[in-house]
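Here is a short walk through one protein model. Keep the sequence and the 3D view side by side as you read.

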Amino acid sequence: MIEVVASMARGSVFLAGELMECLVTFTNPMSHLSTSASSEMLAWASAQIHCQFHASENRVALPAQGNKQDVQAESETVLIPSRGERGQCVLDTPPKILFCDLRLDPGENSYSEVVPIDGPPSFRGQAVKYVYKLTIGCQRVNSPIKLLRVPFRVLVLQGMPEPPFPQDEEVCPSNPFLEEEEVSRRDSRPLERALDMLMVTTSRRYPHMFNITNMRGKVAKFCIFKTVYRLGEDIIGTFNFSEGDIPCLQYSVSLQSEEEIQQQYQRRPGQTPSVTGHGRHLESCLHTAFSHFSLPIPLNVTPGFSRDIVTLRWRLHFEFVTAREPMEPPTVLQNQSEVTVWAGAEHVDVDTFSWNLPIKVLPTNPALASYVSQFTGTNTITI
């Protein structure tokens, strides 16, 4: 028997356009007493990246497809990476031959491929899913083909030109401690230039002020310093209730993603988008002058993107509970020495209203996202 191990050295998360490297090890566990005549013979092995698309039949109406046979005879030597997979293969790279007619003693083969920049990001939504896998096919002489699949995650930074950035564009402050050759070599690498531009885009801060009102008057003033974030960042906002005319009893802020199927693919006309919550902050704020919240963006979620079938957007969802009548604050006498306990009113007539603030969520450094990835980047089979 031959053991095949595929391992991604730098983690299992990649940015579209980045070079993915995988070490494929073929091991013949024969003992040292065995002769070369008893060594194993492999006919061929190749590797290929592909992306599988899954759609919920209850929410997505896809155009009819012709009958496709996904059957591979045992004698065939053509690699079909999506064989046996559910859904549709929406993207694949040309297969790369690792070797042919190999008489195996223990050995290693390296595979590298640029993750396609025009593909969708990895996404597991309520209506659609995009799943990336590296498939390694290998065949022993006179034996059926075996497939080893290594799932991985792809982040897409939409809006990047091709090549990712003009060579004469300065995207970050120059480092005086680096030689000119080092700087030019660093800037020529697409991943590092993309991360530089990503840092610049998400580091810009400018106060955005909003007056929060309902039909009875002004409730508060809200301030947020930016609306473009990376995965893993904290969203911080502040409230000033001292400028409000209407007492606010409670507020909540939720981080939500909105998955919308394009109109031509909707199962039902006027189909509402699917909303998923990723964190919530709730606070009582009666007689509070100032308040703030902090919501972290998880590293394992999908940044916003748009494809021909689905669009993913991000937003902050606010909910406010306000009193209909003014409420007097508790009074404390100036020379009072005893402890006083203030009890709120038992019955208060309230109004509730909500508000959505769109934000942008962009990818982060793929090495950082690899720490929380559900994929190990290593898989094994025995043939």
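The paragraphs below go from the overall build to single residues and pairs.

Start with the whole chain. The model is predicted. The protein has 383 residues, and 44% of them count as buried. Its secondary structure comes to three helices and 21 strands. The protein exposes about 21500 Å². Carbon and sulfur atoms supply 50% of that area.

Turn next to the aromatic rings. The structure holds 22 aromatic pairs. One of them joins Tyr130 and Phe305. The pair is edge-to-face, with 6.5 Å centre to centre and 80° between the planes. Where do the two partners of this pair lie in the chain? Tyr130 sits in strand E9 (residues 128–140), and Phe305 sits in strand E18 (residues 305–306). They are 175 residues apart, and the pair links distant parts of the chain. Are these residues buried or exposed? Tyr130 counts as buried because its relative accessibility is 4%, under the 20% cut-off. Phe305 is buried as well, with a relative accessible area of 3%.

A second pair is formed by Phe239 and Phe318. This pair is also edge-to-face: the centres are 6.2 Å apart, and the planes are at 80°. Phe239 belongs to strand E14 (residues 234–240). Phe318 belongs to strand E19 (residues 310–323). The partners are 79 residues apart, so this pair too links distant parts of the chain. Phe239 is buried, with a relative accessible area of 1%. For Phe318 the value is 0%, so Phe318 is buried. Both residues are part of one aromatic cluster. Other members include Phe210, Phe222, Phe241, Tyr251, Phe293, Phe320, Phe353 and Trp355.

Charged side chains come next. The count is 10 salt bridges. Asp351 forms one of them with Arg216, and their closest N and O atoms are 2.6 Å apart. Asp351 lies in strand E20 (residues 350–362). Arg216 lies in the loop between strand E11 (208–214) and strand E12 (217–224). The pair therefore ties together parts that are 135 residues apart in sequence. How accessible are the two partners? Asp351 counts as buried, at 16% relative accessibility. Arg216 counts as partly exposed, at 39%.

Glu243 takes part in two salt bridges. With Lys218, the N to O distance is 3.4 Å. Lys218 lies in strand E12, and Glu243 in the loop between E14 and strand E15 (248–261), so this pair ties together parts 25 residues apart in sequence. With Lys221, the N to O distance is 3.5 Å. Lys221 also lies in strand E12, so that bridge ties together parts 22 residues apart in sequence. Glu243 is partly exposed, with a relative accessible area of 35%. Lys221 is partly exposed too, at 24%. Elsewhere, Glu258, Glu260, Arg313 and Arg315 are linked in a network of salt bridges.

Glu18 lies in the loop between strand E2 (13–15) and strand E3 (19–27). Glu18 is buried, with a relative accessible area of 8%. Which residues does Glu18 touch, leaving out those up to four places away in sequence? They are Arg10, Glu113, Val114, Val115, Leu191 and Pro366.

Now the cysteines. A disulfide is a covalent bond between the sulfur atoms of two cysteines. The structure holds zero disulfides. Cys22 is buried, with a relative accessible area of 2%. Cys223 is buried, with 10%.

Backbone angles hold a point to check. Most residues other than glycine have a negative phi. His287 is not a glycine, yet its phi is positive, about 60°. His287 is in the loop between strand E16 (274–284) and strand E17 (290–296). At 37% relative accessibility, His287 counts as partly exposed.

Leu368, Tyr371 and Val372 make a nonpolar surface patch of about 340 Å². Val372 lies in the loop between helix H3 (366–369) and strand E21 (378–382). Val372 counts as partly exposed, because its relative accessibility is 41%.

Technical notes. Residues are numbered from 1 along each chain as its sequence is written. This is a predicted model: local features need pLDDT of at least 70, side-chain atom pairs count only at pLDDT 80 or more; totals for chains, interfaces and linings use all residues. Side-chain values use heavy atoms; hydrogens and water are left out. Patches are made of residues with over 30% relative accessible area and no salt bridge: like charges are joined within 9 Å, nonpolar side chains (Val, Leu, Ile, Met, Phe, Trp, Tyr) within 5 Å. Accessible areas come from the Shrake-Rupley method with a 1.4 Å probe; for residues, only the protein chains shown count as cover. A salt bridge is a side-chain nitrogen of Lys or Arg within 4 Å of a carboxyl oxygen of Asp or Glu. Helices (H or I, at least four residues) and strands (E, at least two) are DSSP runs, numbered from the N terminus. Buried means under 20% relative accessible area, exposed over 50%, partly exposed in between (1.4 Å probe, protein chains only). Rings of Phe, Tyr and Trp (its six-membered ring) pair if their centres lie within 6.5 Å; planes under 30 degrees apart count as stacked, over 60 as edge-to-face and the rest as tilted. A disulfide is a pair of cysteine sulfur atoms within 2.5 Å. Contact means heavy atoms within 4.5 Å.
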